[in-house]
Amino acid sequence: MSRLVFVLNGPNLNLLGKRQPHIYGHETLADVAAKCRALGAELGLEIRFHQSNREYEIIDWIHEAREIAGGIVINPAAFTHTSVAILDALNTFDHPVIEVHISNVHKREEFRHHSFVSGRADGVIAGFGTQGYLLGLRRVASLLDEKKA
Ligand code: CA2
């Protein structure tokens, strides 16, 4: 099984660390990417880290992942609550999918309580700050290790 993992980020996450630190913390997305790569190296995972404000680009990366990746960690941001198209794309991916939210979406507005992506995700992490990405990668690594054993 491929140990390549796509870490995908949805709209506005390029502003991480630059706005609303009381909700999303002080780390930038570049910091998160660096931490994911460092942990990936420890876990024997190769990381492709992407962010887009455009739904179709996220869908295209999921399609690319279908061909070459063993797992996806995804923070779809606001598309979480709106995108059947991202759910449909994830439903074509045959390997572990972990959904990550930096904030605890269940403690926030009602409209953030529903996730289309959770209908496919093998696990959901919310409210652990940016550490959620690292926990997501650890989970993907365990699931890949289990398959190997
Ligand atoms: O908690 C999360 O990770 C979210 O996926 C973040 C999304 C929000 O729509 C989801 O309900 C929960 C928003 C991402 C916006 O990111 C920003 C980061 C810093 C400053 C402004 C926006």
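The largest pocket holds about 360 Å³ of space, in a model that is predicted. A pocket here is an open set of points on a 1 Å grid over the protein atoms alone, where a 1.4 Å probe fits and protein lies on both sides within 12 Å along at least five of seven lines. Its volume is the space filled by probe spheres set on the points, which are joined across faces, edges and corners.

As it is a predicted model, local features need pLDDT of at least 70 and side-chain atom pairs count only at pLDDT 80 or more, while totals for chains, interfaces and linings use all residues. Residues are numbered from 1 along each chain as its sequence is written, and side-chain values use heavy atoms, leaving out hydrogens and water.

**Pocket lining**
- Lining the largest pocket are 20 residues (each with an atom within 4 Å of a point), and Pro11, Leu13, Tyr24, Ala77 and Arg112 lie nearest its centre.
- By type, the lining divides into 10 nonpolar, seven polar and three charged residues, with Pro counted as nonpolar and Gly as polar.

- Beyond its neighbours within four places in sequence, Leu137 is in contact (heavy atoms within 4.5 Å) with Val5, Val7, Cys36, Leu39, Leu43, Leu45, Ile47 and Val73.

**Thr80**
- Thr80 sits in the loop between strand 3 (71-75) and helix 4 (84-90).
- Thr80 counts as buried because its relative accessibility is 1%; buried means under 20% relative accessible area, exposed over 50% and partly exposed in between, with a 1.4 Å probe and protein chains only.
- Its side chain reaches the backbone oxygen of Ala77 at 2.4 Å.
- Leaving out residues up to four places away in sequence, Thr80 touches Glu99, His101, His114, Ser115, Phe116 and Val117.

**Positive phi and chain ends**
- Most residues other than glycine have a negative phi.
- Asn12, in the loop between strand 1 and helix 1 (21-24), has a positive phi near 75° and is exposed at 52%.
- Gln20 also lies in the loop between strand 1 and helix 1, with a positive phi of about 45°.
- Lys148 and Met1 are 147 residues apart in sequence and 7.6 Å apart in space, C-alpha to C-alpha.

Definitions and conventions. Helix = DSSP H or I, 4+ residues; strand = E, 2+ residues; numbered from the N terminus. Polar contact = N/O pair within 3.5 Å; in protein donor to acceptor, adjacent residues only side chain to side chain.
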